[in-house]
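Here is a short report on one model. Please read it with the structure open.

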Amino acid sequence: SVSTPTFYGDKLSMTNNHTGSADSIYGHYITFADAGSLQNTVTGLYIDAGTANVNDTQYAAVFLNGSVGIGTATPTTTLDVVGSASVSSALTFRTGLSSIQTTAKNTLTVGGDTTGNIRFKPGDSSTSLYLASNGNVGVGTTTPNANLDIASTATTGNVVNITATSL
């Protein structure tokens with residue numbers, strides 16, 4: 001049988017045995033390209049931040065089988081973050097059935113102490129639901145002037161429809 005070779009662009013192993021004060025250990029930036037014509041398995045980056053020191057704070061990212069785990073060595077979805085996450089620009093859901101949800105029926109909070117207004121704008125429509133930071137809710141308006149402000153340019157049909165099986 002023919003053995004399959006393993007090629008490392010760079011393999012780095014670091015051990016810190018210093019006990020006098022806290023240290024920072026950094027690896028380095030690595031780039032590579034596969035210019036061959038064979039179908040290869042290419043792993044961009046794999047980080048194992050395991051430690052036997054219980055006083056350490058661990059930070060790890062794992063790129064495994066097309067999934068990325070941050071704070072976990074076993075990502076269960078395409079992006080699996082254990083801990084808090086922050087997005088400094090837009091979070092975009094590109095294809096498929098997208099959802100934002102919690103597990104175990106926990107409360108989902110959208111917004112916080114520093115959040116401004118929240119706009120729901122499905123498709124190419126104008127804003128359909130607007131939650132102002134003062135607590136007012138606008139339907140069809142981004143400037144709700146009451147607790148519930150409904151604006152419509154409809155000339156036919158219902159603007160408000162309430163259906164109840166019993167009152």
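By class, eight nonpolar, six polar and one charged residues line the second largest pocket. Ala, Val, Leu, Ile, Met, Phe, Trp, Tyr, Cys and Pro count as nonpolar, Asp, Glu, Lys and Arg as charged, and the others, Gly among them, as polar. The pocket has a volume of about 810 Å³. Of its 15 lining residues, L79, L91, F93, S99 and I100 are the closest to its centre. A pocket here is an open set of points on a 1 Å grid over the protein atoms alone, where a 1.4 Å probe fits, with protein on both sides within 12 Å along at least five of seven lines; lining residues have an atom within 4 Å of a point. The volume is the space filled by probe spheres set on the points.

The model is predicted: local features need pLDDT of at least 70, side-chain atom pairs count only at pLDDT 80 or more, and totals for chains, interfaces and linings use all residues. Residues are numbered from 1 along each chain as its sequence is written, and side-chain values use heavy atoms, without hydrogens and water.

Now the strands. Each is a DSSP run (E, at least two residues), numbered from the N terminus. Two strands pair if DSSP finds at least two bridges between them.

| Strand pair | Sense | Bridges |
|---|---|---|
| β2 and β3 (residues 79-81) | parallel | three |
| β6 (residues 137-139) and β7 | parallel | three |

Strand β2 spans residues 67-70. S67 and G69 form its covered face, V68 and I70 its uncovered one.

An open sheet of four strands runs in the order β4-β5-β6-β7, with mixed pairing. Its edge strands are β4 and β7 (148-150), each pairing on one side only. The twist averages 15° from one strand to the next, taken between axes, which are lines fitted to C-alpha atoms, with angles from 0 to 180 degrees between N-to-C directions. V137 stands opposite L148 in β7.

Is I118 buried or exposed? I118 counts as buried because its relative accessibility is 17%; buried means under 20% relative accessible area, exposed over 50%, partly exposed in between (1.4 Å probe, protein chains only). I118 lies in strand β4 (residues 118-120). Not counting residues up to four places away in sequence, I118 touches V110, G111, L129, Y130 and L131; contact means heavy atoms within 4.5 Å. The C-alpha atoms of I118 and A132 are separated by 6.5 Å, and the two residues are 14 apart along the chain.

K105 sits in the loop between β3 and β4. K105 is exposed, at 83% relative accessible area. Its phi is near 55°, a positive value in a residue other than glycine.
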